[in-house]
Amino acid sequence: MAFPGLRPVAATAKFFRTDAATPGGCTLEYREVVADGMLGKLAKWLRILGVRALYVRGAPDSDVEELLSRLEDPVFLTRDRALYARLASKGFKAVLVPEAPAEAQLAFVLPRLGVEPVLDMSRTLCPLCGSSLKRVDVREVEGLVPEGVLSAYDEFYRCTGCGQVYWRGTHFYEMKRKLEKVWWLIHGKVVC
Ligand SMILES: [Zn+2]
């Protein structure tokens, strides 16, 4: 069965914490996150943070349900209240994500997944396809990135799935800034 927009991920290990203490004790145990078609940006951020996230776009509800039943310990993230209620009533782990900017959605979702908004390139997955990244030598990316990038940076990563090349450019520090904002949204609240 084809799921438009769905990219498989290769890893099988349960590698992120499931025992993290979170406000409200709502950390979910899971191996895989499935995000619906309205949450593509969120799915990319989750991959950047090392969460195995599938992204289902344009699939009928019945296909989503079938997919979830085939996965081991999935959590479904959705903006669709009716679908959320239906899947939750059938015992699937699901999170109803509010309509909000990406940072606020992350601040809502990450504590529920037991994931901190901290960038760690050793865990980062390809935001495009969800495969793992491998650090590569600058010579391995010659011809794949602009000359100016080759001479300006010395830390490169390549996706083991789609081959996309990443480096610590300005976008990397922009991501760090956004994640720091998410961290403050999560941890910066004063609790009375
Ligand atoms: Zn990739």
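Modeller: Two strands pair if DSSP finds at least two bridges between them. The model discussed here is predicted.

Colleague: Which residue in E4 does Phe-76 stand opposite?

Modeller: Strand E3, residues 74-78, pairs with E4 over 4 bridges in the parallel sense. Within E4, the residue opposite Phe-76 is Ala-94.

Colleague: Why is one side of E2 and of E4 left without a neighbour in the sheet?

Modeller: The sheet is open, has 4 strands with parallel pairing, and runs in the order E2-E1-E3-E4. Strand E2 (53-55) and strand E4 (93-96) each have a single partner strand, so one side of each lacks a neighbour because both stand at the edges.

Colleague: What angle does the direction of helix H1 make with that of E2?

Modeller: Neighbouring strands of the sheet are turned against each other by 25° on average, direction ignored. Helix H1 (residues 40-48) packs on this sheet and touches strand E1 (32-35), E2 and E3. The angle between the directions of H1 and E2 is about 155°.

Colleague: How many residues has the largest nonpolar core?

Modeller: Residues with the most contacts inside this core include Val-33, Leu-42, Ala-53 and Leu-77. At least two core residues come from each of E1, H1, E2, helix H2 (61-70), E3, helix H4 (102-113) and helix H6 (170-187). Leaving aside neighbours within four places in sequence, Leu-77 is in contact with residues including Val-33, Leu-42, Val-95 and Val-109. The number of residues in the largest core is 31.

Colleague: How many residues are in the second, separate core?

Modeller: Among its members are Leu-125, Leu-133, Phe-156 and Tyr-157. The residue count of this second core is 6.

Terms used. Residues are numbered from 1 along each chain as its sequence is written. This is a predicted model: local features need pLDDT of at least 70, side-chain atom pairs count only at pLDDT 80 or more; totals for chains, interfaces and linings use all residues. Axes are lines fitted to C-alpha atoms, for helices over the stretch in contact, and angles run from 0 to 180 degrees between N-to-C directions. Two residues are in contact if their C-beta atoms, placed from the backbone, lie within 7 Å. A nonpolar core is a set of buried Ala, Val, Leu, Ile, Met, Phe, Trp, Tyr and Cys residues joined through C-beta atoms within 7 Å. A residue is buried if 20 or more other C-beta atoms lie within 10 Å of its own, exposed if 12 or fewer, and partly exposed in between; C-beta atoms are placed from the backbone.
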